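Hi there,

Here is the structure I promised to pass along. Please open it beside this note, and then read on for what turned up.

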Amino acid sequence: MAAAMLRYVDGAMPGKTLKRRASTPERLAKKHASSKKYEENRPSRYVNGKWQDGRPWLVLDFANNSMTCKTCIEQYTSTSSSMRGKNTFIHGCKNAKISAVVDHESSSAHKKAVELQNDQKLKQTSQHLVQSTPAAAALLSLKKGQRNQMTHLFRNAHAVLKQNKPLSDFVWHCDLDQAKGLDIGTTYRNAKAVLTFARSIANVEKKTTTTLVKNASFFSIMMDGSTDISGDEQEAIYIRCCIGQEVVDRFLGIGSPVSTCSKDLKMFVINMLDSHDIDKAKLVALGSDGASNMTGHKSGLAQLLRQDINPEMINIHCFAHRLELSFRDVMKKQNLYDKVMTLLIGIYYQYTKQYKNKSGLRNAISCLHIKGVMPTKVTGTRWMAHLSRGIDAFLRTFRAYEAHLSTQSHEKAKAGGLLKIMINMNVLCFILFLKEILKPLMMLSLKLQAPATTVGDTCVWVEATVNLLKDLRSRDTDQFDEVSEVLTTGMYQGIKLKGQTPSMPYKETIIDGLIKAIEDRFSRPTSQAILDNATRILHFDKWPQKDSHDVKDFGADAIVAVTSNYRNTFHHVNPSFDTDVALEEFKLLKRVLYAR
């Protein structure tokens, strides 16, 4: 303003502008050194209890000389809150200055947290006031009735879906509940409503699975494919993880990949994991069948997952499938096995495709007063289980088959051909021998399929089964009761058999072949240290006796093998992981267990 008035005064001139000294690097360095010197020589600062006056959110830690904000901790770290962010007052502010408190108090993050906390308190107060009114009590009672109605409807829909029944069965289930006096309402009582309930159930289960996997340190997946009724390929993925020292198996999802080549299967797995928001780096193993698109060393699914997700991941070929393949490797070389399969398959179609034959077999069973059963299918993906069930059904109904086929053989050549094979002494002895061989193999198969079976358990059970097969090999033919009866009398269940008495030279060949095939299939070199030696510490039958000299070093090589294979995976989950600490913890565990 004063400079503007100079124009009204004659001869007045504005003064010269003072030149400010520019900040040079030398001046800045000198200023910084002065500030640093002050900070080094000043007395230590400590948090002051007076700062809490009018600030109920401020929490002072005098022992560590730090400050935290109770409101920000509640709002930013709560799993139920949608707020996300970071500030020093959440983990502890070490800047013991009142200016730090004032700056945090005026920050937008703190104001937002306080606002949200006030809204929550207001909402809780409003709910309490509303619930105390008569109108609220009536509304809650109404909602409880609706909840009970929906509970019955959900259970009916779940039962229809789980039992694989038509959706139309849902309607009469609801009618039945109403006839029982249950209140199920008048809505959602149609077949289409089942799909609505199914989606709701699926969404809840999906969230549960996602939460379980997020809380787990590691997880593995099991994957297998099949075709639906339309012929489209469907791949199902199950996930296995450990939660609270309990192994949990959960169904993750099912879908149709673009094709069954390994690249498309890889994209299918990645998309499935991403859709559930699962950390793929925690994947440690893939369980699958032995198909080349799964286990191929160069371009199989397991190898592609190692390249794109976790190079430390291992592939486990299904143990039950290995056993089935071992059995098939041996039997495909036996001509008698082909005859037995021709007989069992022929009998199945003879009595399941034609009602007249089925009725005649039932009459034969009734007249002979035997506990016979209808023939079962012996072909399928589980060769041993189907074959064992088919042989048991065949031997239980042997007399009825012989009576009915003998009657039909005069008119039908097919019946005569089946009868000729059935009463052949050599074929029947082979069937009875298969029955004895399948007993230990079926027990092993059931153990391998048990959900609680570990890899260490598998090693023990495989060794036990091999020993049982060796015992069977050492037994003479006359020590097989039913076989000995046939060889001695030439009859089975009172029916005269035809053909010469067989010498059964295949007994040693088949048993030796099974032992070799099982040992080969279950001792694959892939990740052998992890799958075999390392997992043996999980089975107490493999632990040395308490007084043994091996107790001191037992298990150390297994711990080292596991930690070496999964070194990066462990550090991804726990950056402070240390193999030496793991060894010390295992030594302590050994002492505690042996002391017990």
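Helices (H or I, at least four residues) and strands (E, at least two) are DSSP runs, numbered from the N terminus.

Some housekeeping before the rest. This is a predicted model, with residues numbered from 1 along each chain as its sequence is written, and local features need pLDDT of at least 70. Side-chain atom pairs count only at pLDDT 80 or more, while totals for chains, interfaces and linings use all residues; side-chain values use heavy atoms, with hydrogens and water left out.

Back to α19. This helix covers residues 425–449, 25 residues in all, and reaches 35 Å from its first C-alpha to its last. That is close to the 36 Å expected at 1.5 Å a residue, where the expected span is 1.5 Å times one less than the number of residues. Because 18 of its 25 residues are buried, α19 is largely enclosed by the rest of the structure. Buried means under 20% relative accessible area, exposed over 50%, and partly exposed in between (1.4 Å probe, protein chains only).

Next, the empty space. Rolling a probe the size of a water molecule over the atoms shows where empty space is left. A cavity is a set of points, on a 1 Å grid over the protein atoms alone, where a 1.4 Å probe fits but cannot get out; lining residues have an atom within 4 Å of a point. Grid points are joined across faces, edges and corners, and a volume is the space filled by probe spheres set on the points. By this rule there is 1 cavity of 30 Å³ or more, and the largest cavity holds about 60 Å³.

Its lining consists of L344, I347, P375, T376, V378, G390, A393, F394 and Y401. By type, the lining has 7 nonpolar residues, 2 polar and no charged (Ala, Val, Leu, Ile, Met, Phe, Trp, Tyr, Cys and Pro count as nonpolar, Asp, Glu, Lys and Arg as charged, and the others, Gly among them, as polar).

N65, in the loop between β1 (58–61) and β2 (66–69), has a positive phi of about 55° although it is not a glycine. N164 also has a positive phi of about 55°, and its loop runs between α7 (134–162) and α8 (169–179). N65 counts as buried at 18% relative accessibility, whereas N164 counts as exposed at 69%.

- I518 lies in helix α22 (residues 506–521) and counts as buried at 1% relative accessibility. I518 and E324 are 194 residues apart in sequence, yet 9.5 Å apart in space, C-alpha to C-alpha.
- P257, in the loop between β5 (246–255) and α10 (262–275), is buried at 11%.

Best wishes

Notes: 1 Å grid on protein atoms, 1.4 Å probe; cavity = no way out; pocket = protein on both sides within 12 Å on 5 of 7 lines; lining within 4 Å.
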